[in-house]
Amino acid sequence: MTGASAGESRVAAEPRGAIGIRLLEAPVSHRGDPRALSYIVDHLNPGTTIRRKVEVSNTSRRLQRVSLYPAAADVVRNRFDALPGRPRNELVSWMSLDRDAVALPPGGRATAQVTIEVPFTASRGERFGVVWAEVAAEPDDSHPVRVVNRVGIRVYLDVGPGGEPPSDFRVEKLTPARTSDGSVQLTALTRNTGERTLDMNGALSLMEGPGGLQAGPFPADLGVTLLPGSVAPVTVTMDRRMPDGPWKGRLTLTSGMVKRAVTATFTFPAMGEGRSVEPDENYLPLVGLVAGVVVPVTALGLMVRRRRRAVAPAS
């Protein structure tokens, strides 16, 4: 199997085009939450049913038959792990789509509806899954191996009575480093102190460097997913030409609507890890939550569609 992704912003380099899938609506309770514009992120009471529309697209030059289905996922070693094949878990047993396949001509689009029915007997906790769009090329004389490309929308569903559990995190220490190839890094040891799973994003700005230099912002490396109570490094990688310092750095990390900014003074070492420092933390205001309804994603200010789509090469 090749070309699998779940919610990543990836564009096919092949001239044949791509298949893509994106979320068309999100709950108002997550207004302003970047994750809810790309993924199905929700909290439901037992006995609740929700429906979300998704759009599947084909930018290739040929007719594509796209299969649609839910499958299980997990968080393993601080990474969201979209499992191979079509594994099932409790969440998948609650999910269905109103169509299991669509035939899309070149440039074609189609919508489908995802339904999640949480039984009254469901236990408290967060579950993970993916809504997949898949195309397959069957083996022939020139290609003896069956090739599958699929793209997906992640699902983070928390179940339990009452309102949504809080989300929060803190940065415990910052460690400057220089790698074996000379690249400069700053690693932020980050702990999930809330009750929901987090996907970490962020950027680092450098100030008060040698001769008054300023640099950045530099984006944090993506892919860190933190379960409640877990801790993992979030790393910012910079060019090897960056002076050692000392620098005053301001690192802003986000997950959904939670934002935290930390500042510290540090010096990059000539090689390996430098001295870790405890940062000063500034708590940034959270976006207010509004209870209730589902609205189209476009109404939530989705301005750059390419960054919010998951695409992979069409077979």
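**Strand pairing and salt bridges in the predicted model**

Strand S13 (residues 169–178) pairs with S22 in the antiparallel sense over two bridges, where helices (H or I, at least four residues) and strands (E, at least two) are DSSP runs numbered from the N terminus, and two strands count as paired if DSSP finds at least two bridges between them. Within S22, Gly272 is the bridge partner of Arg178. The structure is a predicted model, for which local features need pLDDT of at least 70 and side-chain atom pairs count only at pLDDT 80 or more, whereas totals for chains, interfaces and linings use all residues. Residues are numbered from 1 along each chain as its sequence is written, and side-chain values use heavy atoms, with hydrogens and water left out.

An open sheet of four strands runs in the order S19-S14-S13-S22, with antiparallel pairing. Its edge strands are S19 (231–238) and S22 (272–273), each of which pairs on one side only.

Elsewhere, strand S6 (residues 64–76) and S11 pair in the antiparallel sense over six bridges, and Trp132 in S11 is the bridge partner of Tyr69. Because ten of the 13 residues of strand S11 (residues 125–137) are buried, this strand is largely enclosed by the rest of the structure; buried denotes under 20% relative accessible area, exposed over 50%, and partly exposed in between (1.4 Å probe, protein chains only).

The structure holds 14 salt bridges, each defined as a side-chain nitrogen of Lys or Arg within 4 Å of a carboxyl oxygen of Asp or Glu. One of them joins the side chains of Glu134 and Arg86 (3.9 Å, N to O). This pair links distant parts of the chain, with Glu134 in strand S11 and Arg86 in the loop between strand S7 (79–82) and helix H2 (90–94), 48 residues apart. Glu134 is buried at a relative accessible area of 8%.

A further salt bridge is formed by the side chains of Arg196 and Glu164 (2.8 Å, N to O). Here Arg196 lies in the loop between strand S14 (184–192) and strand S15 (198–199), and Glu164 in the loop between strand S12 (147–159) and S13, 32 residues apart. Arg196 is buried at 2% relative accessibility, whereas Glu164, with a relative accessible area of 33%, is partly exposed.

Arg260 forms a salt bridge with Asp168, the closest N and O atoms being 2.8 Å apart. Arg260 belongs to strand S21 (residues 258–266) and Asp168 to the loop between S12 and S13, 92 residues apart. Arg260 is buried at 5%, while Asp168 is partly exposed at 23% relative accessibility.
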